[in-house]
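Dear colleague,

Please find below the structure that I am handing over to you. My findings follow it, arranged by helix and then by individual residue.

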Amino acid sequence: MAGIRVLLADDSPEFLKMMSGFLARDSAIELIGVALSGQDAIKRSTDLSPDLVLMDLIMPHTNGLEATRQIKSMPNAPIVVILTGHDTPEYRSAATAAGADGFVYKPELFKELLPLMRHLTTVVAEKER
């Protein structure tokens with residue numbers, strides 16, 4: 001995974017701080033911004049052009065599903081991975097329908113996220129060749 005620019009969207013400042021530290025351990029990941037709401041994630045995606053957005057599912061105002069729909073409709077849309085503490089078949093299905101490229105249950109985050117990010121960025125890079 002080479003030089004992936006990440007936007008992190010979650011309404012929990014504590015989670016943002018923890019994830020910022022986790023992502024900083026990988027020198028191939030550049031955290032280019034954070035968003036505290038879906039609306040903010042949409043705006044920052046437009047302004048910052050991340051390669052990947054890590055999106056919380058449940059946020060105030062515009063939830064992660066609607067933000068994902070809007071971000072994925074943008075030209076040159078980034079990869080979007082839903083991060084949530086709510087792992088149900090309904091949420092997984094809704095995330096897929098919204099255009100999310102991946103779904104990670106927060107309790108499995110440390111085990112699943114980096115391998116998924118590597119896989120998705122590799123797949124996108126191969127498609128662009």
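**Helix packing**

Helices α3 and α4 cross in a right-handed sense. (A crossing is right-handed if the near helix is turned clockwise from the far one by less than a right angle, and left-handed if anticlockwise.) Helices and strands here are DSSP runs, H or I of at least four residues for helices and E of at least two for strands, numbered from the N terminus.

Before going further, a note on the origin of the values. The model is predicted, so local features need pLDDT of at least 70 and side-chain atom pairs count only at pLDDT 80 or more, whereas totals for chains, interfaces and linings use all residues. Residues are numbered from 1 along each chain as its sequence is written, and side-chain values use heavy atoms, with hydrogens and water left out.

Two packed helices are described by the angle between their axes and the distance between the axes. For α3 and α4, the axes come within 8 Å and cross at roughly 25°. (Axes are lines fitted to C-alpha atoms, for helices over the stretch in contact, and angles run from 0 to 180 degrees between N-to-C directions.) The two helices, α3 and α4, are therefore roughly parallel; angles under 35 degrees count as roughly parallel, over 145 as roughly antiparallel, 65 to 115 as roughly perpendicular and the rest as oblique. On the α3 side the contact is made by L65, T68, R69 and K72, and on the α4 side by A94, A95 and A98. (Contact means heavy atoms within 4.5 Å.) By class, this contact of α3 with α4 comprises 4 nonpolar, 1 polar and 2 charged residues. Ala, Val, Leu, Ile, Met, Phe, Trp, Tyr, Cys and Pro count as nonpolar, Asp, Glu, Lys and Arg as charged, and the others, Gly among them, as polar.

Helix α3 (residues 64-72) also packs with helix α2 (residues 38-48): their axes come within 8 Å and cross at roughly 15°. Helices α2 and α3 are therefore roughly parallel to each other, and their crossing is right-handed. G38, A41, I42 and S45 of α2 meet A67, Q70 and I71 of α3. In this contact of α2 with α3 there are 4 nonpolar residues, 3 polar and no charged.

Which residues of α3 are buried? They are G64, L65, A67, T68 and I71, where buried means under 20% relative accessible area, exposed over 50% and partly exposed in between (1.4 Å probe, protein chains only). Seen down the axis of α3, these buried residues fall within an arc of 160°, so they line one face of the helix. (The arc is that of the directions from the helix axis to the C-beta atoms.) They pack against α2, β3 (52-56), β4 (79-84) and α4 (89-98).

In α2, the buried residues are G38, A41, I42 and S45. Their arc, seen down the axis of α2, is within 100°, so they too line one face of the helix. An α-helix has 3.6 residues a turn, so residues three or four places apart point the same way. The cover over the buried residues of α2 includes β1 (4-9), β2 (29-35), β3 and α3.

**Residues with positive phi**

Helix α2 is followed by S49, whose phi is positive, near 50°. S49 belongs to the loop between α2 and β3 and is partly exposed, at a relative accessible area of 46%. H61, in the loop between β3 and α3, has a phi near 65°, again positive in a residue other than glycine. H61 is exposed, with 71% relative accessibility.

M19 lies in helix α1 (residues 13-24) and is buried, with a relative accessible area of 0%. Neighbours within four places in sequence aside, M19 is in contact with L8, L54, L83, L109 and L113.

S20 is also found in helix α1, but is partly exposed at 24% relative accessibility. Beyond four places in sequence, S20 is in contact with L8 and L31.

L31 is in strand β2 and is partly exposed, at 31% relative accessibility.

Yours sincerely
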